[in-house]
Amino acid sequence: MARPKGGKNRRWTNEERLKYVHMYLNQGFSAKELLNDYGVPLGTLDGWVRRYQKGGEEALNPDKLHSGNSYSALYTSKSLSENEKLTLLVEKLQIENERLKKGYTVKGVGANKEFVTLKDLNSK
């Protein structure tokens, strides 16, 4: 059952996530029961259970789920050590190298980013 078009995604607190994971793992609730009684989607519950089993309670913390773009630190005023800057730069260059091996490059930045095949680029 999908949400209505344009509707907001459901936000779960860390306490709610932990409660439903414990209900599923320790109290013998089935995933179907949690879906019907509490509205917890099966895929969502499955993801929570896997994260909980892998990393404990801390893994369910919603603040830690999305780390963001790590390469943006190269261009912002964040204070990075020289070693961290070099590591990020090497990773970025490795990605660019893989793109070139596959035959395309990136033209533009941000919303204007465009992937151009090298064949098209050389024929102009």
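**Exercises on a predicted model**

The protein chain averages a pLDDT (the predictor's confidence in each residue, from 0 to 100) of 81, and 85% of the residues score at least 70. This is a predicted model: local features need pLDDT of at least 70, side-chain atom pairs count only at pLDDT 80 or more, and totals for chains, interfaces and linings use all residues. Residues are numbered from 1 along each chain as its sequence is written, and side-chain values use heavy atoms, without hydrogens and water.

**Exercise 1.** Find the elements with the lowest and the highest mean pLDDT.

*Solution.* Helices here are DSSP runs (H or I, at least four residues), numbered from the N terminus. Helix α5 (residues 118-122) has the lowest mean, 64. Helix α1 (residues 14-25) has the highest, 91. Where pLDDT is low, the predicted coordinates should not be read in detail.

**Exercise 2.** Describe the salt bridge of R50.

*Solution.* Step one: take the cut-off, a side-chain nitrogen of Lys or Arg within 4 Å of a carboxyl oxygen of Asp or Glu. Step two: find the partner. R50 pairs with D46, with the closest N and O atoms 3.0 Å apart. Step four: check exposure (buried under 20% relative accessible area, exposed over 50%, partly exposed in between; 1.4 Å probe, protein chains only). R50 is exposed because its relative accessibility is 52%. D46, at 40%, is partly exposed.

**Exercise 3.** Locate R99 and its salt-bridge partner.

*Solution.* R99 meets E96 at 3.3 Å, N to O. Both sit in helix α4, three residues apart. R99 has 22% relative accessibility, so R99 counts as partly exposed.

Key
Helices (H or I, at least four residues) and strands (E, at least two) are DSSP runs, numbered from the N terminus.
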